[in-house]
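I opened my notebook to look through a structure that was new to me. Come along and keep the picture beside you as you read.

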Amino acid sequence: MVNLVTETLNPVELKAFKDAASLRAQIKAWRLDGYVIGFVPTMGALHQGHLDLVRHAKTKGTKTKGVKVVASIFVNPKQFAPTEDLDRYPRQEAKDLMALSSVGCDGVYLPQADRFYPEGFDTKISTGGPSQGLEQDFRPHFFDGVTTVVAKLFLQVAPDFAVFGEKDYQQLMTLKAMVRDLDMPLEIIGYPTVRESDGLALSSRNAYLSPEERAIAPKLYQEMQALREKLLNGNPPQTELEGTKKALLSHGFTSLDYLEICDSQSLKPWQGPHYRPESLRLLAAVWLGKTRLIDNIDLSQAPL
Ligand code: AMP
């Protein structure tokens with residue numbers, strides 16, 4: 001275990017754990033002291049979106065029951081296909097630890113891949129329901145990798161609640177379904193997408209964008225907002241979806257994996273005939289050069 005004390009005005013002790021046994025011992029001690037445990041799993045290269053999840057978890061303590069928040073940083077090899085960006089995924093552990101400390105995170109779990117998945121590891125959690133379609137059609141390995149790592153992390157950390165971003169909306173709904181179906185004893189809390197001032201959703205992968213691509217990237221969110229306005233005005237969804245796809249390509253996006261209107265709970269594709277925005281979500285995955293961006297918006301709400 002490593003103790004880190006930052007030089008901020010309110011220094012916070014962040015305890016770092018590389019193995020599950022020492023993490024469990026600390027969590028047991030916190031529980032004996034009366035704390036609830038909140039958990040924020042990440043792949044690191046932390047930005048304000050991740051840090052807001054930690055801040056949000058910290059608000060879950062009450063006067064009578066304090067909260068200890070544990071984040072994890074683990075670039076999970078099981079959710080990357082061999083052709084994907086596992087090797088070049090940004091890694092900046094020292095900076096991440098300072099950032100976690102600065103927002104009052106109490107513990108950080110840094111699993112080592114060879115110990116987390118030892119020789120012979122051959123178990124997988126596979127979900128149906130909201131994990132079908134969308135990402136699953138383009139990254140078929142992805143959700144099994146996510147549900148397997150998150151289930152194992154939940155067993156190791158044993159949190160009372162875990163916070164996930166709506167940025168990865170299909171992932172959030174899939175994990176809610178997994179926890180419900182398997183009676184895992186914790187609450188999954190969703191947190192709204194944190195964006196740059198031009199609307200681009202914060203993502204560790206934004207670091208891959210060239211300056212030219214970075215200028216195009218916010219147009220994804222802007223076009224999604226414009227589409228929502230047109231749909232709220234009663235325009236026909238299929239025609240408008242096609243129009244938005246063309247507009248995205250004309251802005252310079254390389255290709256689109258999907259742009260779909262789905263039920264916000266089941267994530268089944270909307271098929272009409274009645275358009276009920278209060279229960280619908282617009283989800284998108286697009287390519288900008290070699291970078292894949294995903295985003296989603298609630299179709300019922302006006303932009304902030
Ligand atoms: P990642 O490190 O990309 O696996 O993300 C870890 C957690 O942070 C997941 O719950 C993500 O949904 C969440 N997250 C990533 N980007 C954002 C964002 N821009 N706003 C809110 N949450 C986010």
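My entries below go from the ligand to a sheet, and then to some spots in loops.

**Ground rules.** I am looking at a predicted model, where local features need pLDDT of at least 70, side-chain atom pairs count only at pLDDT 80 or more, and totals for chains, interfaces and linings use all residues. Residues are numbered from 1 along each chain as its sequence is written, and side-chain values use heavy atoms, with hydrogens and water left out.

**Entry: the ligand.** I first looked up which residues come nearest to the ligand. Of the 17 residues around it, they are Met43, Gly165, Asp168, Val194 and Leu202; a residue counts as near if one of its heavy atoms lies within 4 Å. By type, I found eight nonpolar, seven polar and two charged residues in this shell. Here nonpolar means Ala, Val, Leu, Ile, Met, Phe, Trp, Tyr, Cys and Pro, charged means Asp, Glu, Lys and Arg, and polar means the others, Gly among them.

I then checked where the shell comes from. Strand 3 (36–42), helix 2 (48–58) and strand 6 (161–165) each give at least two residues, and helix 2 has the largest share, with three. Helices (H or I, at least four residues) and strands (E, at least two) are DSSP runs, numbered from the N terminus.

Next I read off some distances. Asp168 has a side-chain N or O atom 2.6 Å from a ligand oxygen, and a polar side-chain atom of His50 is 2.9 Å from an oxygen of the ligand. Val194 uses its backbone instead: an N or O atom there lies 2.8 Å from a ligand nitrogen. The protein covers 92% of the 480 Å² of accessible area that the ligand has on its own (Shrake-Rupley method, 1.4 Å probe).

Entry: In what order do the strands of the open three-stranded sheet run? I read 8-9-10, with antiparallel pairing; two strands pair if DSSP finds at least two bridges between them. Strand 8 (255–263) and strand 10 (291–298) are the edges, each pairing on one side only. The twist averages 10° from one strand to the next.

Strand 9 (residues 280–288) is joined to strand 10 by eight bridges. I picked out Val286, whose bridge partner in strand 10 is Leu293. Helix 10 (residues 237–251) packs on the sheet and touches strand 8 and strand 9, where contact means heavy atoms within 4.5 Å. The helix direction makes about 150° with that of strand 8; axes are lines fitted to C-alpha atoms, for helices over the stretch in contact, and angles run from 0 to 180 degrees between N-to-C directions.

**Entry: loops.** Leu134 lies in the loop between helix 4 (113–116) and helix 5 (135–138). Its phi is positive, about 50°, although Leu134 is not a glycine.

Key:
A polar contact is a pair of N or O atoms within 3.5 Å; within protein, one must be able to donate a hydrogen and the other to accept it, and residues adjacent in sequence count only if both atoms are side-chain atoms.
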